[in-house]
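Please open the model in your viewer and get ready to select a few residues by number. We will go from stop to stop, and each one says what to look for.

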Amino acid sequence: MTSTAATSPAPGLSLGSVHVDTPVVLAPMAGITNAAYRRLCAEQGAGLYVCEMITSRGLVEGDQHTRDMLVFDELETVRSVQLYGTDPIYVGKAAEILCAEYGVAHIDLNFGCPVPKVTRKGGGGALPWKRGLLGQILEAAVAAATPYDVPVTMKTRKGIDEDHLTYLDAGRIAQESGCAAIALHGRTVAQAYSGEADWDAIARLVDHVDIPVLGNGDIWEAADALRMVEQTGAAGVVVGRGCLGRPWLFRDLAAAFAGEQVATLPTLGEVTGMMRRHAELLCQHMGEERGCKEFRKHVSWYLKGFAAGGEMRRSLGLVDSLAALDALLAELDPTEPFPVQELGTPRGRQGSPRNRVVLPEGWLEDADGSSCRLQEDAVEITGG
Ligand SMILES: Cc1cc2nc3c(=O)[nH]c(=O)nc-3n(C[C@H](O)[C@H](O)[C@H](O)COP(=O)(O)O)c2cc1C
């Protein structure tokens, strides 16, 4: 399943009071990084595993859907949550609730979402353009979390587009506001998930600030993570799409940062074992019907590059019980080797760039926005 060789070691990652042995963060991904998936990844390697994004207003107003997303696995020792918000008052109150009622140990704030319905209201990746407002939001979160010794970080993109970059200012503001780190996805909002992540921008941010910078974008293999850290000086990496259907990537990452070169190449039998484990954890957390439904979206990622035919994929995409899943997985050839041509290739969302980022009227005219009050969404599940 694996091959091993020695290379140079690297330390773990400290974000304020939180320390993890491997400088790797599971990127918050809406609809993916629920308690079951975080546990599955944690079973593979050490890192920080961030919960799906929740909205500040949803939490403050006691929205049931928001509260339902705040579920943690019994073995989850470090509770890490990503919070979305555009209003300092809601964000501060939400941070307080997370610390006081949910025992959260790390709060990340999302300023990277490229979805038009979010940027149209000045949220997500559009917000850092308003430097003053960004500072107020970060300060409110830090003020609420500090008495609990809970570090606050922010995650952002390079900017709205190449003509409206915000990441260097965001880094400075994060530092001045008392954030423990800033994560940078090396794309603009306009790029969405297209093209290649700009790792040079990550290096520039590292040079620009004294707080740790976490690099994000296009880590498909453990070797990419080492390369990113080496090229940029980032304190750690944030891994999103690369681990879709490949939770064992965290094993390779933990080994790589411990100085071993490990490339897990599971046979189809080992992959189906992982699929079964994933489905079982989802069912444990959500009940069998919802768990199986949630599992369906992962099937094509797990089977990417394997020979499993269209009929099998369709059936797995409709699976409604663990027994049905077992019966289907048993039909696959467990000895089929891992499709090595998939290594290092993109998976998950890619899409095309946007001609125009949808923003509130006159948004770009004022780059401070200290007195700007945005309408805060109660339920926003689209994420990054
Ligand atoms: C399905 C999906 C959902 C996402 N949801 C969020 C989110 O809720 N919050 C966030 O900050 N980023 C979100 N992202 C962005 C990722 O966290 C990450 O920044 C991005 O995928 C780039 O990293 P990667 O190249 O390793 O995938 C999402 C990405 C995907 C693919």
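Predicted model: local features only at pLDDT ≥ 70, side-chain atom pairs only at ≥ 80, totals over all residues.

**Stop 1: Asp326 and Arg276**

Select Asp326 and Arg276, whose side chains meet in a salt bridge with N to O at 2.5 Å. Asp326 belongs to helix 15 (residues 322-329) and Arg276 to helix 11 (residues 268-286), so this pair ties together parts that are 50 residues apart in sequence. Is Asp326 buried, exposed or partly exposed? Its relative accessible area is 33%, so Asp326 is partly exposed. Arg276 is partly exposed as well, with a value of 23%.

Now widen the selection to Arg39, Glu43, Asp73, Arg277 and Glu280. Together with Arg276 and Asp326, these residues are linked in a network of salt bridges. For the model, the count comes to 22 salt bridges.

**Stop 2: Lys158 and Glu162**

Next, pick Lys158 and Glu162. Their side chains form another salt bridge, at 2.9 Å from N to O. Compare how the two partners sit: Glu162 is partly exposed, with a relative accessible area of 48%, whereas Lys158 counts as buried at 4%.

**Stop 3**

Move on to Arg187 and Asp218. Arg187 lies in the loop between strand 9 (181-185) and helix 8 (199-208), and Asp218 in the loop between strand 10 (213-216) and helix 9, so the pair ties together parts that are 31 residues apart in sequence. Both Arg187 and Asp218 are buried; for Asp218 the relative accessible area is 13%.

Stay with Asp218 and check its backbone. Most residues other than glycine have a negative phi. Asp218 is not a glycine, yet its phi is positive, at about 70°.

You will find Ala192 in the loop between strand 9 and helix 8. Ala192 counts as buried, at 3% relative accessibility.

**Stop 4: helix 9 and helix 10**

From the loop that holds Asp218, between strand 10 and helix 9, carry on into helix 9 itself. Show it as residues 222-232, along with helix 10 as residues 249-257; their axes come within 8 Å and cross at roughly 45°. That angle makes helix 9 oblique to helix 10. The crossing of helix 9 past helix 10 is right-handed.

Which residues make the contact? On helix 9, select Ala222, Ala225, Leu226 and Val229; on helix 10, select Leu249, Asp252, Leu253, Ala256 and Phe257.

**Stop 5: Met53**

Finish at Met53, in the loop between strand 4 (48-49) and strand 5 (54-55). With 4% relative accessibility, Met53 counts as buried. For a last exercise, draw a distance line from the C-alpha of Met53 to that of Phe72. The two residues are 19 apart in sequence, and their C-alpha atoms are 14 Å apart in space.

Definitions and conventions. Residues numbered from 1 in each chain as written. Heavy atoms only, no water. Axes fitted to C-alpha atoms, helices over the stretch in contact; angles between N-to-C directions. Helix = DSSP H or I, 4+ residues; strand = E, 2+ residues; numbered from the N terminus. Parallel < 35°, antiparallel > 145°, perpendicular 65-115°, else oblique. Left-handed = near helix turned anticlockwise from the far one by under 90°. Contact = heavy atoms within 4.5 Å. Salt bridge = Lys/Arg side-chain N within 4 Å of Asp/Glu carboxyl O. Buried < 20%, exposed > 50% of the residue type's maximum accessible area, 1.4 Å probe, protein only.
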